[in-house]
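Please have the viewer open while you read.

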Amino acid sequence: MDFFEYASVAQIFVNTNTWYVPLIVGGLCFLAVFAFQAVGLFIISGREGYKHRWMSFVPFFNTYYIGVCGQKNRAFKSVDTRIFSLIAAILEVILVVGFVLFYVAETALIDAGCVYEVVQENAYGFSLPEYVLKNVPPSLAWAGWCFEYLDKYILSFVQLAFLVFEVFTLSAFFQTFAARRYMLFTITSVLFPVQGIIIFILRNNSGMNYREYIRREQERQYRMYQQYRRQQSFDQNPYNQNPYSRNPYDGEYGDAPRNDAPSGSGSSDDPFSEFGGNSGNDDPFDN
């Protein structure tokens with residue numbers, strides 16, 4: 001599928017007379033990205049111990065093999081990821097055959113002079129070209145049908161279904177080998193034909209169970225929170241200072257003179273001064 005995406009981008013910059021240029025550009029880009037993906041899957045499958053590593057280098061089979069390498073995680077708990085990747089591979093075959101048939105039909109109609117370009121201006125003032133069929137001979141009726149219905153309806157529906165199963169497959173794969181950024185890598189791979197490069201970048205990552213990873217992360221964050229709470233509680237505890245480090249009776253029976261002490265008493269108030277003695281240092285029982 002990446003081949004047609006590259007070809008569609010290249011087709012914007014060429015005219016109908018050089019229709020082969022997008023195919024060449026799309027083919028070269030596809031081979032480069034496919035090589036990165038094949039090497040990445042081959043290394044990952046070898047480290048994880050999966051069999052049939054040759055599938056990494058075969059188109060369509062490698063789509064299924066992405067699900068094999070990501071089988072430690074599942075899009076749904078009861079459905080194996082390999083089932084989603086198998087369906088995605090079958091839909092990819094249908095799409096490739098359909099697009100090849102469409103391009104063959106379109107080329108035949110262009111050579112017969114049945115395709116006309118009509119430029120229409122949309123509501124925003126932009127001029128967009130639209131191609132219509134005129135005077136299609138009976139021998140090219142099949143091509144006319146493919147031009148009118150195959151791409152607009154049938155292939156569009158199949159491509160939507162393929163994207164759904166591709167999302168399930170890639171999300172399971174990236175959950176296994178890039179748990180922290182699996183959503184970012186999945187969306188990027190679906191929107192842009194760069195999944196082969198991303199897989200190659202992740203070739204040295206070890207596989208993991210995403211749910212187990214989430215559980216460990218939650219435990220780690222909970223321990224950090226508990227440690228933080230204990231530290232906060234220790235810093236704010238008013239009893240961290242020893243309450244017995246000072247005499248609680250200072251000011252009442254200490255060395256400071258009382259305001260209501262009788263005149264002539266000593267510098268320190270004696271609670272037993274009423275029983276005798278001339279100063280705070282006299283013993284009332286000496287008499």
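**The chain as a whole**

Keep in mind that this is a predicted model. The chain's secondary structure amounts to eight helices and two strands. Reading from the N terminus, the order of elements is α-α-α-α-β-β-α-α-α-α. Of the 287 residues, 29% count as buried. Among contacts between residues at least 6 apart in sequence, 56% join residues at least 24 apart.

Just after α4 comes Gly113, which has a positive phi of about 75°.

**Two partners of α5**

Helix α5 covers residues 141–177, and it packs with α3 and with α6. The geometry of the two pairs is set out here.

| Pair | Angle | Axes apart | Crossing |
|---|---|---|---|
| α3 (residues 61–69) and α5 (residues 141–177) | about 45° | 8 Å | left-handed |
| α5 and α6 (residues 182–191) | about 145° | 9 Å | right-handed |

At an angle of about 45° between α3 and α5, α3 is therefore oblique to α5. On the α3 side the contact involves Thr63, Ile66, Gly67 and Cys69, and these meet Thr169, Leu170, Phe173, Thr176 and Phe177 of α5. By class, the residues of this contact are five nonpolar, four polar and no charged.

Turning to α6, the crossing with α5 is right-handed. From α5 the contact takes Leu163, Glu166, Val167, Leu170, Ser171, Phe174 and Gln175, while α6 supplies Tyr182, Phe185, Thr186, Ser189 and Val190. The contact of α5 with α6 has seven nonpolar, four polar and one charged residues.

Which residues does Asn205 contact, leaving aside its neighbours within four places in sequence? They are Arg47 and Phe177. Asn205 sits in the loop between α7 (195–201) and α8 (210–236). Its relative accessible area is 31%, so Asn205 counts as partly exposed. Asn205 and Phe177 lie 28 residues apart in sequence, and their C-alpha atoms are 5.7 Å apart in space.

Methods: Residues numbered from 1 in each chain as written. Predicted model: local features only at pLDDT ≥ 70, side-chain atom pairs only at ≥ 80, totals over all residues. Heavy atoms only, no water. Helix = DSSP H or I, 4+ residues; strand = E, 2+ residues; numbered from the N terminus. Axes fitted to C-alpha atoms, helices over the stretch in contact; angles between N-to-C directions. Parallel < 35°, antiparallel > 145°, perpendicular 65-115°, else oblique. Left-handed = near helix turned anticlockwise from the far one by under 90°. Contact = heavy atoms within 4.5 Å. Nonpolar A, V, L, I, M, F, W, Y, C, P; charged D, E, K, R; others polar. Buried < 20%, exposed > 50% of the residue type's maximum accessible area, 1.4 Å probe, protein only.
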